[in-house]
Amino acid sequence: MNPSKLSPLRKGLLEFLILDIVSTGDVYVADILERLAKTDFATREGTLYPLLSKMRSEGLLDYDWRESAAGPPRKYYRLTDMGRANLAEFRAYWASLTSLIDELGR
């Protein structure tokens, strides 16, 4: 399949993958980038920071600053209640969507 056809889908799913990563516990940007780097959803800081900012302004994420032994303080992101609800809704929708695709493909 032409990878460019999947590009909009990957872009749309990135926000939910970030919610999923953050749902595992407080993480900072390097954690998110490292986890995504091993996938088709690898991204860069220049893409990630604006998306995290948008998600925070939408009430999905929050962060706090923590001291780091390796340098300056870091922002650690966590899900808000709205972020958890949004992720749960997405997971339910994704399950119904994959079920529909399987059903229609029979």
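This is a predicted model: local features need pLDDT of at least 70, side-chain atom pairs count only at pLDDT 80 or more; totals for chains, interfaces and linings use all residues.
**Notebook: helices and their contacts**

I began with Glu15 and found that this residue has its place in helix 1, which spans residues 3-22.

Is Glu15 buried or exposed? I looked up its relative accessibility, which is 14%, and because buried means under 20%, Glu15 counts as buried. I then listed the contacts of Glu15, leaving aside its neighbours within four places in sequence, and found Leu51, Lys54, Met55, Glu58 and Leu60.

Next I turned to helix 2, residues 29-37, and helix 3, residues 45-57, which pack with their axes 11 Å apart and at an angle of about 120°. That angle makes helix 2 oblique to helix 3, and I recorded the crossing of the two as right-handed.

Which residues meet where helix 2 contacts helix 3? From helix 2 I wrote down Val29, Ile32 and Leu33, and from helix 3 their partners Glu45, Leu48, Tyr49 and Leu52. Sorted by class, this contact has six nonpolar residues, one charged residue and no polar ones.

Last, I looked at helix 4, which covers residues 81-104 and so has 24 residues. From its first C-alpha to its last, helix 4 reaches 35 Å, close to the 34 Å expected at 1.5 Å a residue. I also looked up which residues of helix 4 are buried, and they are Gly83, Leu87 and Phe90. Beside this list I noted that an α-helix has 3.6 residues a turn, so residues three or four places apart point the same way.

How values were computed: Residues are numbered from 1 along each chain as its sequence is written. Side-chain values use heavy atoms; hydrogens and water are left out. Axes are lines fitted to C-alpha atoms, for helices over the stretch in contact, and angles run from 0 to 180 degrees between N-to-C directions. Helices (H or I, at least four residues) and strands (E, at least two) are DSSP runs, numbered from the N terminus. Angles under 35 degrees count as roughly parallel, over 145 as roughly antiparallel, 65 to 115 as roughly perpendicular and the rest as oblique. A crossing is left-handed if the near helix is turned anticlockwise from the far one by less than a right angle, and right-handed if clockwise. Contact means heavy atoms within 4.5 Å. Ala, Val, Leu, Ile, Met, Phe, Trp, Tyr, Cys and Pro count as nonpolar, Asp, Glu, Lys and Arg as charged, and the others, Gly among them, as polar. The expected span of a helix is 1.5 Å times one less than its number of residues. Buried means under 20% relative accessible area, exposed over 50%, partly exposed in between (1.4 Å probe, protein chains only).
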